[in-house]
Amino acid sequence: MCRLILILTIVVATCCMANATSSWEHTVASAKMERLDVAQPEIRVSEGYVYVSTSRTITVKVFSILGQLISQETIQPGISRFRLPSRGVYILKVGDITKRITI
């Protein structure tokens, strides 16, 4: 019985870790970015995704509310999105901008 519980725990943990390793998806090419403000990236949250619109290459970091790094990526000009692993409060750092987001 203990072996069965151990095996089930390992399987569940492995599945959770596989889902938590999401990556950023680039959704719109930079050719369509003429109307974006060059100085400030735009950040929005919708349906479990974080969307970042930028007209330049920029580094984005996502932290849990406890300060654990969830994702770090250098994104290209355009619109990129990241699926957050679960509902909660996160800290998003986009270049020099730091913002608290809630899912």
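# A first look at this predicted model

The protein chain has an average pLDDT of 79, and 69% of its residues score at least 70.

**Confidence along the chain**

- Confidence in the protein chain is highest in strand β7 (residues 89–94), with a mean of 95, and lowest in helix α1 (residues 2–20), with a mean of 55.
- Where pLDDT is low, the predicted coordinates should not be read in detail.

- Strand β2 (residues 42–46) and strand β3 (residues 49–54) run antiparallel and are joined by five bridges.

**Thr-54, in strand β3**

- Thr-54 belongs to strand β3.
- Its relative accessibility is 2%, so Thr-54 counts as buried, the cut-off being under 20%.
- A polar atom in the side chain of Thr-54 lies 3.0 Å from the backbone oxygen of Arg-56.

**Val-94, in strand β7**

- Val-94 is part of strand β7.
- Is Val-94 buried or exposed? Val-94 is buried, because its relative accessible area is 0%.
- Leaving aside residues up to four places away in sequence, Val-94 touches Pro-41, Ile-43, Val-52, Ile-58, Thr-59 and Val-60.
- Val-94 and Gln-40 are 54 residues apart along the chain, while their C-alpha atoms are separated by 9.5 Å.

**The salt bridge**

- How many salt bridges does a search of the whole structure find? The search finds one.
- Arg-81 and Glu-25 form a salt bridge, with their closest N and O atoms 2.8 Å apart.
- This pair links distant parts of the chain: Glu-25 is in strand β1 (residues 25–28) and Arg-81 is in strand β6 (residues 78–83), 56 residues apart.
- Arg-81 has a relative accessible area of 21%, so Arg-81 is partly exposed.
- Glu-25 also counts as partly exposed, because its relative accessibility is 36%.

Technical notes. Residues are numbered from 1 along each chain as its sequence is written. This is a predicted model: local features need pLDDT of at least 70, side-chain atom pairs count only at pLDDT 80 or more; totals for chains, interfaces and linings use all residues. Side-chain values use heavy atoms; hydrogens and water are left out. Two strands pair if DSSP finds at least two bridges between them. Helices (H or I, at least four residues) and strands (E, at least two) are DSSP runs, numbered from the N terminus. pLDDT is the predictor's confidence in each residue, from 0 to 100. Buried means under 20% relative accessible area, exposed over 50%, partly exposed in between (1.4 Å probe, protein chains only). Contact means heavy atoms within 4.5 Å. A polar contact is a pair of N or O atoms within 3.5 Å; within protein, one must be able to donate a hydrogen and the other to accept it, and residues adjacent in sequence count only if both atoms are side-chain atoms. A salt bridge is a side-chain nitrogen of Lys or Arg within 4 Å of a carboxyl oxygen of Asp or Glu.
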